Amino acid sequence: MLGLAARNMIAAESAAIGDKITLPGLDYALVKLPAGVAVMGHGDSNSKSDESPATRVTITQPFWVGATEVTVAQWRYFTETTGYITRAETTGAGLHLLKD
């Protein structure tokens, strides 16, 4: 089932116009980020411990990233289409909300 998602991504990437693609069935846009140097974190005195110090990182290859957050409907479509099961579901960990 994950193969279907991979095939959709490959098909979408090959049909990409410039640096943006939309995944079929998800109505979800990805943008291509170029290779280069970026700064992660910051040295602000108010920053959290996992945000500092600012560190220069080198991205060696371009990569695709979601243009927006994933909606619950999009996540549901993905899991139902691929059969994906999260670690929380397989281990019983995580937050469980009770339904009336």
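Author: One definition is needed at the outset: two strands pair if DSSP finds at least two bridges between them. The model under discussion is predicted.

Reader: Which residue stands opposite Lys32 in β5?

Author: Strand β2 comprises residues 28-33. Four bridges join β2 to β5, and the two strands run antiparallel. Within β5, the residue opposite Lys32 is Trp64.

Reader: How many helices and how many strands does the chain have, and what pattern do they follow along the sequence?

Author: The chain has three helices and five strands. Read along the sequence, they give the pattern α-β-β-β-β-β-α-α.

Reader: What is the strand order in the open sheet of three strands, and which strands stand at its edges?

Author: The pairing in this open sheet is antiparallel, and the order is β1-β2-β5. Two of these strands have a single partner strand each, so one side of each is left without a neighbour in the sheet. Those edge strands are β1 (20-23) and β5 (63-66).

Reader: By what angle are neighbouring strands of this sheet turned against each other on average?

Author: The average ignores strand direction. For neighbouring strands of this sheet, the angle is 35°.

Reader: Which residues of β2 are the bridge partners of Lys20 and Thr22?

Author: Strands β1 and β2 run antiparallel and are joined by four bridges. Lys20 has Val31 as its bridge partner in β2; Val31 also stands opposite Val65 in β5. For Thr22, the bridge partner in β2 is Ala29.

Reader: Which residue takes a positive phi in the hairpin of β1 and β2?

Author: This hairpin has four residues between the strands. The positive phi is near 80°, and the residue that takes it is Gly25.

Reader: What percentage of the residues of the chain count as buried?

Author: A residue counts as buried under 20% relative accessible area. Of the 100 residues of the chain, the share that counts as buried is 14%.

Reader: Is Pro34 buried or exposed, and what is the C-alpha distance between Pro34 and Thr60?

Author: Pro34 lies in the loop between β2 and β3 (36-40). The relative accessible area of Pro34 is 62%, and exposed means over 50%, so Pro34 is exposed. Pro34 and Thr60 are 26 residues apart in sequence, and their C-alpha distance is 8.7 Å.

Reader: How does Val65 count by relative accessibility, and which residues make the nonpolar surface patch of about 200 Å²?

Author: Val65 is found in strand β5. Its relative accessibility is 31%, which lies between the limits of 20% and 50%, so Val65 counts as partly exposed. The patch of about 200 Å² is made by Leu33, Phe63 and Val65.

Definitions and conventions
Residues numbered from 1 in each chain as written. Predicted model: local features only at pLDDT ≥ 70, side-chain atom pairs only at ≥ 80, totals over all residues. Heavy atoms only, no water. Axes fitted to C-alpha atoms, helices over the stretch in contact; angles between N-to-C directions. Patch = residues over 30% accessible without salt bridge, like charges linked within 9 Å, V, L, I, M, F, W, Y side chains within 5 Å. Areas by Shrake-Rupley, 256 points an atom, 1.4 Å probe, with all protein chains shown as cover. Salt bridge = Lys/Arg side-chain N within 4 Å of Asp/Glu carboxyl O. Buried < 20%, exposed > 50% of the residue type's maximum accessible area, 1.4 Å probe, protein only.
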